[in-house]
Structure formats: structure tokens, C-alpha cells
Amino acid sequence: MKRLANLFSALIILMFVVTSFVACESETDSDGIPSTTVTPKAGTTYTYAKQERDSVSGGSPTTTDSIVIATVLSSGTTFEGKSNVISLVDNSDTMRYVMEANGDVSIYRKNLFTYGDFTYVSPEPWGLKYSLGSKMSGVILFEHDTEMVVSSFPVPVHLVATVNYLGTEELKKGGNAFADGGKAEIVVVMTGSLSGVTVKVTGKQTISFDPKIGGYFRLSDYIEIPDVKVFGQTVVQGNTSLIEKILIDFSLIK
């Protein structure tokens, strides 16, 4: 039982890493694409209020608040086959994204997760596309099957990434409109099976993006891991976590 619990713990860890990532109409043209799009230049900064909430199944949630500053390193560059790429660094994490011609926003992520010597390489590194302009919902961005070895046991893994358009959102500051734009989510469901027991981990990332400032003004990462039971006994305790960042200030260099 202890060995099986260790295997499930390892499986949960590598699944966990896969996703570690008020309606109001905005001004658009006749095609529904924002009429004003600004590409932020190097040195642009976005300041966010960040809150992390973590809750173990059956336990009390813990909350941590902080302020983070994201800085644009470069823009208008070409990276991995994409042009007009914006590189944004937040602490030690670098986010690369493209504001597509149709108003969608594409995020680059080559390695979905790494565990030991195994790296889950995304079948489509630029495939995480938020449907802010195309307004697609329930559309599968990519689907992939693979097999990894955990403690010498082969573990089949199935991953599905789906995008949903959620409408528009407005952020106010001091009672006045501060940022507004489209809102969309990408849901990643990863399923693994070991010793006849299936484990499903769900990750959801939601962004609200204002093309007039060239960046997101709200971002949330949600991960849900269920309790894992074998022969009626819990071998891995479930967990839910939420990271949310809300824009409180920015300095835009056009």
C-alpha cells in the first residue's frame, strides 16, 4: 500500500505541474475585433495584486497576498515560427504571447511539465490560444496521448486542452474604468491510470485582456486534484489551489 501511495503521489506531482498556468462591451470594429491595439515596447510594466489560495481536502484554506511587477523584455520579435511576439517577465517566469490579427491571444508553452528525465513536450507549443476575438467555445485546441514511467511503472496519460469564450469584462479603479476587454479560459484535463485506478487532474487558466494596453488585466490559475482512494483507503489527499492576479497599475511604453 505504501509503494502504491508513493506511485500515486509521483503521478499527482507531474500532473500538477502541467497547469503551473462583470460583463461590459468594449469598443470594437464591425468584425468584433478591438479597434485599438497597442504593442507594448520593452520597459513597459504591469503591476498586479496577487493572491494565492490553497486548500487541502477537508482542511482550512490558506491565503497569501503579494504585489508583483511584470516587465516587457521585448516585443515585435520572431520566436519559434511566430512573429510579433511579446516577452513578459514576472519574477523568474517568462511569458511569451502574440496578439493575433483576429483579436485572439496565443501563449507559447513548449514543455507542459517535467518529471525526472521525462519531459511532456506540447504537441503544439503555440496551441494555447485564447479565443478573445474569434469567440470560440467548447473547441479542443489539442489532444494528446503518451506514456511515462513512474517508479519503473508505465503510466498511460491522456491530455485535452479546450478553450471557452466568456464574454467581456471591465476593471474599475477609483470608480472609473481602468481596463476592459475580452475574457476567455483554457481548460486542461489530464487523465492517468495506474493499477486500475484513474486519476483526473483539472487545470483552468482564465485571462481578461485589454488590447489597448497590450496585456492582461486579470489572470487566474485554478487546479483541482481529487482524493485518490485504493480499496476504500485514501492514498493521496485532494487539493484545490487558485492563483489570481489583478492589475492595479501600469506604465505603458508605445
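User: Which side chain does Glu169 meet in a salt bridge?
Analyst: In this predicted model, Glu169 pairs with Lys183, with an N to O distance of 4.0 Å. The pair links distant parts of the chain, since Glu169 sits in strand E10 (residues 153–173) and Lys183 in strand E11 (residues 176–194), 14 residues apart.

User: Is Glu169 buried or exposed?
Analyst: Glu169 is buried, at 4% relative accessibility. Lys183 has a relative accessible area of 23% and is therefore partly exposed.

User: What about Glu244, which side chain does it meet?
Analyst: Glu244 forms a salt bridge with Arg218, at 3.3 Å from N to O. Because Glu244 lies in strand E16 (residues 239–251) and Arg218 in strand E13 (residues 215–225), this pair ties together parts that are 26 residues apart in sequence.

User: Why does Arg218 count as buried?
Analyst: Its relative accessible area is 19%, and buried means under 20%.

User: Which residues are linked in a network of salt bridges?
Analyst: The network links Arg53, Glu169, Lys183, Arg218 and Glu244.

User: Changing topic: what does Lys50 form a salt bridge with?
Analyst: The partner of Lys50 is Glu52, and their closest N and O atoms are 3.9 Å apart. Glu52 is partly exposed, at 31% relative accessibility.

User: Finally, how many salt bridges are found in the whole structure?
Analyst: A search of the whole structure gives ten salt bridges.

Notes
Residues numbered from 1 in each chain as written. Predicted model: local features only at pLDDT ≥ 70, side-chain atom pairs only at ≥ 80, totals over all residues. Heavy atoms only, no water. Buried < 20%, exposed > 50% of the residue type's maximum accessible area, 1.4 Å probe, protein only. Helix = DSSP H or I, 4+ residues; strand = E, 2+ residues; numbered from the N terminus.
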